[in-house]
Amino acid sequence: MRPVIEGFAAAVFGGFGRRDQRGKGELYLRGLLLDGRRKSMQPMAERLGVDHQQLQQFANASGSTNPAAHTADRRRTSTWSQVEVVTNTGRPPTKTTYPDKPVTAKTLITEAGRSAGRFVVWRHGSRKSAGNPNATMRSRFLALRVRPANRNIPRAADGSLPECRLPAEWPTGQPEPTDYWLSTLPTDIRLRNMVRIAKIRRRIEHDYRDLKDGLGLDHFEGRSWLG
């Protein structure tokens with residue numbers, strides 16, 4: 001396991017200008033992965049057998065001034081930074097100057113009808129049953145082209161609002177749609193891929209919960225902030 005950790009640490013902290021920073025980064029990473037629920041500095045330092053100040057200094061003052069490091073960080077996050085899915089409450093704005101009368105997302109989807117949608121499988125979960133042995137996550141979705149009405153949305157030179165997609169989920173047995181999103185993804189994206197990205201929100205919430213419980217993300221205390 002240690003060679004794996006060292007390799008990962010080298011990739012993540014390789015852009016740090018000083019050797020001691022890179023070493024403390026690997027040490028901090030090992031502390032997060034060791035057994036023990038408390039992931040704050042002192043408990044981790046005790047398990048590692050080092051002074052907790054080493055970990056504290058790394059967490060508070062390990063920002064790299066090497067441009068190459070920032071470039072590598074941007075490359076690692078570029079895939080996710082290009083994706084933005086905004087949830088929609090469906091409430092019409094209280095004031096707008098757009099010529100068409102605004103309607104709610106629910107009205108638009110309901111008027112299109114459930115027959116306009118199709119069933120999409122976005123992933124397979126872990127809760128298998130006799131009726132669903134593959135734990136398939138499947139539901140009916142449809143997506144409409146809309147122009148969201150909001151006074152804070154930048155308009156084109158002619159005063160028109162930007163066009164985007166309105167995906168919605170309408171499960172079997174439900175009298176109306178249950179979830180809505182606004183998507184600015186490319187217009188040629190397949191509905192299946194759009195649904196997978198929209199559903200990422202739940203996966204991110206689960207991952208964040210695991211980070212807090214498993215790695216103690218909520219145990220860290222920063223005490224050197226000068227704000």
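**View 1. Asparagine 193 is partly exposed, at 31% relative accessible area.** Partly exposed here sits between two cut-offs: buried means under 20% relative accessible area and exposed means over 50%, with a 1.4 Å probe and protein chains only. Look for asparagine 193 in helix H7, residues 191-198; helices are DSSP runs of H or I with at least four residues, strands are E runs of at least two, and both are numbered from the N terminus. Valine 120 is 73 residues from asparagine 193 in sequence, yet the two C-alpha atoms are 9.4 Å apart in space. A word on what you're looking at: this is a predicted model, where local features need pLDDT of at least 70, side-chain atom pairs count only at pLDDT 80 or more, and totals for chains, interfaces and linings use all residues. Residues are numbered from 1 along each chain as its sequence is written, and side-chain values use heavy atoms, with hydrogens and water left out.

**View 2. Trp122, Phe141 and Trp181 are linked into a cluster by ring pairs.** Rings of Phe, Tyr and Trp (its six-membered ring) pair if their centres lie within 6.5 Å; planes under 30 degrees apart are stacked, over 60 edge-to-face, and the rest tilted. That rule gives two aromatic pairs. Tryptophan 122 and phenylalanine 141 are edge-to-face, because their ring centres are 5.7 Å apart and their planes stand at 90°. This pair joins distant parts of the chain, with tryptophan 122 in strand S2 (residues 118-124) and phenylalanine 141 in strand S3 (residues 136-146), 19 residues apart. Phenylalanine 141 also pairs with tryptophan 181, this time tilted, at 6.5 Å centre to centre and 40° between the planes. Here the link runs from strand S3 to tryptophan 181 in strand S5 (residues 179-183), 40 residues along. Tryptophan 122 and phenylalanine 141 are both buried, and so is tryptophan 181.

**View 3. Glutamate 169 is buried in this model, with a relative accessible area of 7%.** You'll find glutamate 169 in strand S4, residues 164-169. Setting aside neighbours within four places in sequence, its contacts (heavy atoms within 4.5 Å) include Trp122, Phe141 and Trp181 from the ring cluster. Ser139, Arg140 and Lys199 are also among the contacts of glutamate 169.

**View 4. Leucine 211 is partly exposed, at 37% relative accessibility.** Leucine 211 belongs to helix H8, which covers residues 200-214.
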